[in-house]
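User: Can you walk me through the pockets and then a bit of the strand pairing here?
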Amino acid sequence: METAHGTIETPIFMPVGTAGTVKAVHQHELVHDIGAQIILGNTYHLYLRPGLDVLNRAGGLHRFNGWDKPILTDSGGYQVYSLTEVRKIKEEGVTFRSHIDGSKHLFTPENVMDTQRIIGADIVMAFDECTPYPCDYSYAKRSLDMTHRWLKRCCERFDQTQPLYGYEQTLFPIVQGSVYPDLRARSAETIASFERDGNAIGGLSVGEPAEEMYAMTELVCNILPTEKPRYLMGVGTPVNILENIALGIDLFDCVMPTRNARNGMLFTKEGIINIKNKKWEADFSPIDATSDLLADRVYTKAYLRHLIRSQEILGAQIASLHNLHFYLWLVGEARKHILAGDFLAWKNKMVVQLDERL
């Protein structure tokens, strides 16, 4: 993928920088240690804090946070969906109360496009409604129809406005439809008909079984154009990522590598480590002796366990570096095996290892 802030080689994982920062990780570490090519920011959180005035005066999020590679912004639809108690959805848009101070706000397809112009991300997302799981058919259908009407408004507003900081931005629509095959198929066809530069799949990884996620992804990928990038939002575990690459997904994001890292869960080539377990208390071997990440080779499992159990900030930093580096390593290996023509055999071997509890 070509963007104004650089080329992205897919399949790729995007570290989540919800409020303009990937938690506990410096920008130079993202570039040099983790190998991140693109990071994600969130419209809802950035709109509330630091606010659009600050971001505009800074010259956009890239200048504000010192990241000079591509950025994608989620439209805030998912965050608004998760604020069940303090939001109201209607045709105009969504009124909600801030989780910070309780103040009242309105998001519409139009002002969400304007907000993402001010944030200045390379890839911006359409404003949609993310339905919960489980969700009855009639609600999913009503929600989907509204998401499609909102998409038309998003595209019109986006196409009528100009980027603010001298570089181009692109808009991705989002497929919805819960776990109903006919709704997913209709949504994929509708989204494809807008002929944008890439397409996203939302409303999965919200509690449904993995098999349903894979079934919906496969159905949608068989409809969305193959020559345009396909982004599966909010997914997921290393196994989820490999299985969805096999189905045709190009871009992923998920808070799991950093959130789980802060709680002591490490993803590795051999499987999953809960570093809090007593078995690591006196394990003085490196976190991963085969890794090219300095932190993996310098620090021991016993030391990292001590830091995490003591709630030392360095523990969260080391574990976050490790997990993000692993996720980027994994998608990089997937790309190599796709190019070599042996992805399927490699993937089938890896998914067994990755699920092991060590």
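User: Which residues lie nearest the centre of the second largest pocket?
Analyst: His325, Leu328, Trp329, Gly332 and Glu333 lie nearest its centre, out of 22 residues that line the second largest pocket. Bear in mind that this is a predicted model.
User: What's the volume of the second largest pocket?
Analyst: About 340 Å³.
User: And which helix gives the largest share of that lining?
Analyst: Helix α13, residues 313–340, which supplies 10 residues of the lining of the second largest pocket.
User: How does the lining of the second largest pocket divide by residue type?
Analyst: Seven nonpolar, seven polar and eight charged.
User: OK, the largest pocket then. What volume?
Analyst: The largest pocket has about 640 Å³. Its lining has 29 residues, and Val16, Tyr78, Gln79, Asp253 and Val255 are the closest to the centre.
User: How do the residues of that lining divide?
Analyst: For the largest pocket, 11 are nonpolar, 12 polar and six charged.
User: Which elements each supply at least two residues there?
Analyst: β4 (39–42), α4 (77–82) and α10 (256–262) each supply at least two residues of the largest pocket's lining.
User: Switching topic: in what sense do β7 and β8 pair?
Analyst: Antiparallel, over four bridges, with β7 spanning residues 94–97. Phe96 has His105 in β8 as its bridge partner.
User: Which face of β8 is His105 on, covered or uncovered?
Analyst: His105 is on the covered face with Phe107, while Lys104 and Leu106 make up the uncovered one.
User: How many residues sit between the strands of that hairpin?
Analyst: Six, and Gly102 takes a positive phi near 80° in the hairpin of β7 and β8.

Conventions
Residues are numbered from 1 along each chain as its sequence is written. This is a predicted model: local features need pLDDT of at least 70, side-chain atom pairs count only at pLDDT 80 or more; totals for chains, interfaces and linings use all residues. Side-chain values use heavy atoms; hydrogens and water are left out. On a 1 Å grid over the protein atoms alone, a cavity is a set of points where a 1.4 Å probe fits but cannot get out, and a pocket is an open set with protein on both sides within 12 Å along at least five of seven lines; lining residues have an atom within 4 Å of a point. Grid points are joined across faces, edges and corners, and a volume is the space filled by probe spheres set on the points. Ala, Val, Leu, Ile, Met, Phe, Trp, Tyr, Cys and Pro count as nonpolar, Asp, Glu, Lys and Arg as charged, and the others, Gly among them, as polar. Buried means under 20% relative accessible area, exposed over 50%, partly exposed in between (1.4 Å probe, protein chains only). Two strands pair if DSSP finds at least two bridges between them.
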